[in-house]
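Welcome, and take a moment to turn the model around before reading on.

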Amino acid sequence: MAKNVLLIDDSSTMRKIISRSLRQAGLDFGEIYEAGDGLEALTLLENEKVDIVLSDINMPNMNGIEFLREKGNRPAIKDIPVFMISTETGDDIIGEAKTLGAIGALKKPFTPEKVSEVLGPLI
Amino acid sequence: MEVEQFLVDATLEVFSSMIPIDIAPEPAECAALAVEPDVSSLIGLAGDLTGVLIVHCPAPVALSITSAMLGLEATTLDEDVRDALGEVANMVAGGLKVSLAEKGKKIELAIATTCIGKAIRTGGLAGAARTAVTFATPSGRFWVALCYILK
């Protein structure tokens with residue numbers, strides 16, 4: 001069954017690029033929802049059926065780490081998997097994201113081929 | 001430390017991965033040529049290197065970069081251009097962060113800000129070093145600059 005995806009990134013350009021990359025990769029997904037930061041994402045997750053979240057880390061209002069922490073405190077959504085897509089590559093911050101439940105990370109910039117390779121098995 | 005080369009490598013990686021436009025860094029003497037920017041994206045850096053990274057673009061280059069990123073023709077300097085150039089600055093700064101980390105220098109990135117207009121003057125930190133790299137594209141030149149203090 002096709003999975004619904006939530007993209008969280010403060011850049012609308014980046015959301016469009018990721019969305020396009022998913023389509024180009026021929027992945028079988030359902031709806032693609034978008035949020036500009038962690039706060040918007042939490043609201044959306046409470047109201048829509050989302051199967052996987054692709055999230056940036058550096059964002060205003062609520063960043064990706066804060067989002068993971070807050071999501072983990074909400075029983076209704078805490079088990080939805082989150083994959084990080086960010087310019088952040090340091091072991092410390094990616095390690096913290098994984099400790100908070102992130103299932104993996106993809107570095108920006110990325111090619112469509114990399115998106116297909118990394119996200120294909122998840123979607 | 002070869003900070004200028006880090007900027008070149010980071011910018012080339014961003015374009016080769018995500019922006020299908022041919023770019024080429026120009027020799028250092030070309031960097032002295034005035035680039036009249038219409039769009040400037042700035043991102044603050046803190047940590048072992050403190051300062052600001054700026055991507056300056058004239059309008060035709062900003063529009064071509066935005067068009068290439070979005071896969072549609074951008075014709076005016078609007079919110080899409082502001083957002084796209086901000087993301088370019090963010091990713092170049094991310095590449096710089098990786099290169100510095102390999103040298104044992106740790107930095108943090110702020111959120112990028114993009115200004116549209118010609119009457120922009122950026123003030124630097126007292127005692128900061130400055131470096132800039134000019135890149136040629138089919139639409140003209142753009143410029144990646146770094147004003148910084150390295151601990």
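With 15 C-beta neighbours inside 10 Å, R20(A) counts as partly exposed. The scale behind that word is simple: a residue is buried if 20 or more other C-beta atoms lie within 10 Å of its own, exposed if 12 or fewer, and partly exposed in between, with C-beta atoms placed from the backbone. R20(A) belongs to helix α1 (residues 12-24) of chain A. Helices (H or I, at least four residues) and strands (E, at least two) are DSSP runs, numbered from the N terminus. From R20(A) to L54(A) the separation is 34 residues in sequence and 14 Å in space, C-alpha to C-alpha.

A word on reading the model: it is predicted, so local features need pLDDT of at least 70 and side-chain atom pairs count only at pLDDT 80 or more, while totals for chains, interfaces and linings use all residues. Residues are numbered from 1 along each chain as its sequence is written, and chains are lettered from A and ligands numbered from 1 in the order in which they are written.

Now step back to the whole of chain A. You will find five helices and five strands there, and along the sequence they follow the pattern β-α-β-α-β-α-β-α-β-α. The radius of gyration of chain A, 13 Å, is close to the 14 Å that the globule rule gives for 123 residues, so chain A is as compact as a globular protein of that length. Here the radius is taken over C-alpha atoms, and the globule rule is 2.2 Å times the number of residues to the power 0.38. The C-alpha atoms of chain A fill a box of roughly 35 × 30 × 25 Å along the principal axes, and 41% of the 123 residues are buried.

How do the strands of chain A pair? Strand β1 (residues 3-8) and strand β3 (residues 52-55) run parallel, joined by four bridges; two strands count as paired if DSSP finds at least two bridges between them.

Two loops of chain A deserve a look. Between β3 and α3 (64-72) of chain A sits N61(A), with a phi near 70°, a positive value in a residue other than glycine. N61(A) counts as exposed because it has 12 C-beta neighbours inside 10 Å. In the loop between β5 (102-107) and α5 (112-119) of chain A you will find P109(A), which is joined to K108(A) by a cis peptide bond with omega about 0°.

Chain B is built on another plan, with three helices and seven strands in the order α-β-β-β-α-α-β-β-β-β from the N terminus. Its radius of gyration is 14 Å, close to the 15 Å that the globule rule gives for 151 residues, so chain B is as compact as a globular protein of that length. Of those 151 residues, 42% are buried.

The helix to follow in chain B is α3(B). α3(B) is mostly covered, with 18 of its 24 residues buried. After α3(B) comes G104(B), whose phi is positive, near 85°.

Where do the two chains meet? The contact takes 19 residues from chain B and 16 residues from chain A, where two residues are in contact if their C-beta atoms, placed from the backbone, lie within 7 Å. On the side of chain B that touches chain A, the elements giving two or more residues are α1 (3-18), α2 (59-70) and α3 (79-102) of chain B. α3(B) gives the most to that side, with 10 residues.
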